[in-house]
Amino acid sequence: MTDTPRALADLARDIDATCRLTGRFVLRSGRVADEYFDKYRFEADPVLLDRVAAGLAGLVPPGTEVLAGLELGGIPVVTALARHVGLPCAFVRKTAKAYGTARLAEGADVAGRRVLIVEDVVTSGGQVAISTGQLRELGATVEHALCVIDRGEGGTEALAGHGLALHALLTRADLDAARRG
């Protein structure tokens with residue numbers, strides 16, 4: 001289980017070692033950085049992802065009926081988490097597809113159900129807020145969001161303004177401490 005302080009510190013260390021890359025990276029902003037956090041590396045490692053899901057399982061609020069993973073990084077996380085808690089998943093697109101079922105949320109039905117948003121990393125909380133609004137329009141009750149890593153850059157406060165409580169398994173400070181540790 002990943003709920004002891006030691007287990008969480010070990011998980012933070014392993015995620016940091018797997019995901020923190022050094023080199024020359026051009027960021028979305030155009031800025032050049034010598035360090036980059038590649039979150040997809042922990043999501044692509046089945047053993048590490050299972051440890052993450054085990055840790056997240058204890059953070060799922062009581063009464064949750066559907067886990068809603070956000071495209072793209074939230075999808076592997078929500079799928080792994082569902083194995084641990086036995087709840088159905090919805091896979092939430094950034095925009096509804098224009099063909100086939102033309103749905104925004106694939107998988108489990110969200111209408112009239114208590115839905116937990118699941119994301120890999122939260123920075124500003126922007127996409128979580130957008131997807132929450134869309135799911136609420138579909139009839140879901142959404143009061144909580146769960147993430148693997150909260151970067152500590154205002155997401156928690158921004159989401160509170162949208163009526164969401166953010167629960168994080170780890171923070172950027174945890175990863176930084178693991179690197180120093």
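Ala 102 lies in the loop between β4 (89-92) and β5 (105-107), where strands (E, at least two residues) and helices (H or I, at least four) are DSSP runs numbered from the N terminus. The phi of Ala 102 is near 55 degrees, a positive value in a residue other than glycine. The model is predicted, with local features requiring pLDDT of at least 70 and side-chain atom pairs counting only at pLDDT 80 or more, while totals for chains, interfaces and linings use all residues. Residues are numbered from 1 along each chain as its sequence is written, and side-chain values use heavy atoms, with hydrogens and water left out.

Leu 72 is found in the loop between β3 (66-70) and α4. Most residues other than glycine have a negative phi, and most peptide bonds are trans.

The axes of α3 (residues 46-57) and α4 (residues 74-85) come within 8 Å and cross at roughly 60 degrees; axes are lines fitted to C-alpha atoms, for helices over the stretch in contact, and angles run from 0 to 180 degrees between N-to-C directions. α3 and α4 are therefore oblique to each other (angles under 35 degrees count as roughly parallel, over 145 as roughly antiparallel, 65 to 115 as roughly perpendicular and the rest as oblique). Their contact (heavy atoms within 4.5 Å) involves Leu 49, Asp 50, Ala 53, Ala 54, Leu 56 and Ala 57 of α3, and Pro 76, Val 77, Ala 80, Leu 81, Arg 83, His 84 and Val 85 of α4.

The axes of α1 (residues 5-19) and α7 also come within 8 Å, crossing at roughly 85 degrees. α1 and α7 are therefore roughly perpendicular to each other. On α1 the contact is made by Ala 9, Ala 12, Arg 13, Ile 15 and Asp 16, and on α7 by Asp 174, Leu 175, Ala 178 and Arg 179.

At least two lining residues come from each of β2 (32-37), β6 (114-122), α5 (126-137) and α7 (172-180).
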